[in-house]
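Trainee: I have a model open and a few things to ask about it. Can we go through it piece by piece?

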Amino acid sequence: MAGRMQGKVAFITGAARGQGRAHALRLAEEGADIVAVDICADIDTVTPYYPLATEEELAETVRQVEALDRRIVARKADVRDLDGMQAAFDEGLAEFGHVDTVVANAGIATYGKAWELTAEQWKDMIDVNLTGVFHTAKVAIPSMIEAGRGGSILFTSSIGGLKGIQHVAHYVACKHGIVGLMRTLANELGPHSIRVNTIHPTNVDTIMIQNPGTWAMFSPGDPEPSQEKAMPGFMSLNALPVPWIEAVDISNAVLFLASDEARYVTGVTFPVDAGAFVK
């Protein structure tokens with residue numbers, strides 16, 4: 001039986017691990033070929049909290065996609081670098097001939113009260129989580145229009161794209177910002193049958209939340225934050241009785257929104273949040 005993404009190609013950022021890898025594998029399981037990019041390097045304002053992905057992790061994504069008998073073009077690229085992103089995208093386009101789905105997943109998290117954030121923290125956050133999403137869409141859209149095949153563009157936002165969350169003002173600003181970008185693009189690209197949506201996860205069980213910076217946010221004032229101490233805070237966020245969700249839960253939403261099953265779904269803020277927004 002043909003998969004739900006058979007004959008389609010997906011361009012995914014932040015694909016070396018975590019949600020990005022999960023998206024690549026879930027779409028590949030349903031027949032998609034993949035163009036994968038990741039920075040594979042650290043960013044100074046992020047490393048106090050957690051390390052970013054490595055070239056070895058990106059190579060593992062390649063191995064796992066190929067193990068599903070799908071093709072993949074993987075390149076090291078920084079979403080902040082428009083020229084580098086265009087080059088990576090163009091290599092994938094040359095290999096596969098078209099791209100049908102864009103998943104702007106790459107992102108970072110750092111922490112602090114709004115007025116205590118450094119200029120560098122603010123700039124890096126905006127450059128990666130907002131401008132990087134714009135770059136991801138910008139490099140892909142012209143070829144999608146030219147191909148005349150329609151398509152789907154997905155931005156990974158957050159419950160922080162729907163409401164305020166303390167200690168991550170810069171992150172929340174970005175995640176709200178890409179909702180505005182999505183809504184505008186949904187109108188601009190609608191005549192080309194290209195759908196644009198945002199996905200809004202609650203906490204997802206990846207290194208982005210499983211680190212002392214996030215634990216400290218959920219146990220403020222504790223000099224030695226831990227997952228165990230943060231657990232009541234994690235649990236309090238969601239209406240459903242879970243502290244976080246799994247990357248594949250987001251990947252299943254990506255699959256739905258990228259597939260023809262969602263052919264008339266555009267301009268939507270799609271929560272996968274265990275009820276965090278309504279709580």
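Predicted model: local features only at pLDDT ≥ 70, side-chain atom pairs only at ≥ 80, totals over all residues.

Trainee: Which residues of H3 are buried?

Mentor: Met85, Ala88, Phe89, Gly92 and Phe96 are the buried residues of H3. Looking down the axis of H3, they fall within an arc of 95°, so they line one face of the helix.

Trainee: Why would residues three or four places apart point the same way?

Mentor: An α-helix has 3.6 residues a turn, so residues at that spacing point the same way.

Trainee: Which exposed residues does the face turned away from the buried side carry?

Mentor: On H3, that face carries Asp83 and Ala94.

Trainee: What span does H3 reach from its first C-alpha to its last?

Mentor: H3 has 15 residues and reaches 21 Å, close to the 21 Å expected at 1.5 Å a residue.

Trainee: And the ends. What caps the N-terminal end of H3?

Mentor: Asp81 does, with a side-chain oxygen 3.3 Å from the backbone nitrogen of Asp83. Just after H3, Gly97 takes a positive phi of about 90°.

Trainee: Changing topic to charges. How many salt bridges are there?

Mentor: The count comes to 16 salt bridges. One of them joins the side chains of Glu29 and Arg26, at 3.1 Å from N to O.

Trainee: How far apart are Glu29 and Arg26 in helix H1?

Mentor: Glu29 and Arg26 are three residues apart in H1 (residues 18–29), which means about one helical turn separates them.

Trainee: Is Arg26 buried or exposed?

Mentor: Arg26 counts as buried, because its relative accessibility is 16% and the cut-off for buried is under 20%.

Trainee: Which residue forms a salt bridge with Asp33?

Mentor: Arg71 does, and the closest N and O atoms are 3.6 Å apart. That pair links distant parts of the chain, 38 residues apart: Asp33 is in strand E2 (residues 33–38), while Arg71 is in the loop between helix H2 (55–67) and strand E3 (72–76).

Trainee: What is the relative accessible area of Asp33?

Mentor: It is 8% for Asp33, so Asp33 is buried. Arg71 has a relative accessible area of 44% and is therefore partly exposed.

Trainee: Back to H3 for a moment. Which residue forms a salt bridge with Glu91?

Mentor: Arg75 is the partner of Glu91, with the closest N and O atoms 2.5 Å apart. This pair also links distant parts of the chain, with Glu91 in helix H3 (residues 82–96) and Arg75 in strand E3, 16 residues apart. Glu91 is partly exposed at 38% relative accessibility, and Arg75 is partly exposed with a relative accessible area of 32%.

Trainee: Which residues do salt bridges that share partners join into one network?

Mentor: Asp33, Arg70, Arg71 and Glu95.

Trainee: Last one: where does Ser157 lie?

Mentor: Ser157 lies in the loop between strand E5 (151–156) and helix H5 (169–189). With 2% relative accessibility, Ser157 counts as buried.

Trainee: What joins the side chains of Ser157 and His200?

Mentor: A polar contact of 3.4 Å. Beyond its neighbours within four places in sequence, Ser157 is in contact with several residues, among them Tyr171, Lys175, Ile178 and Pro201.

How values were computed:
Residues numbered from 1 in each chain as written. Heavy atoms only, no water. Helix = DSSP H or I, 4+ residues; strand = E, 2+ residues; numbered from the N terminus. Buried < 20%, exposed > 50% of the residue type's maximum accessible area, 1.4 Å probe, protein only. Polar contact = N/O pair within 3.5 Å; in protein donor to acceptor, adjacent residues only side chain to side chain. Contact = heavy atoms within 4.5 Å. Salt bridge = Lys/Arg side-chain N within 4 Å of Asp/Glu carboxyl O. Expected span 1.5 Å × (residues − 1). Arc of directions from axis to C-beta.
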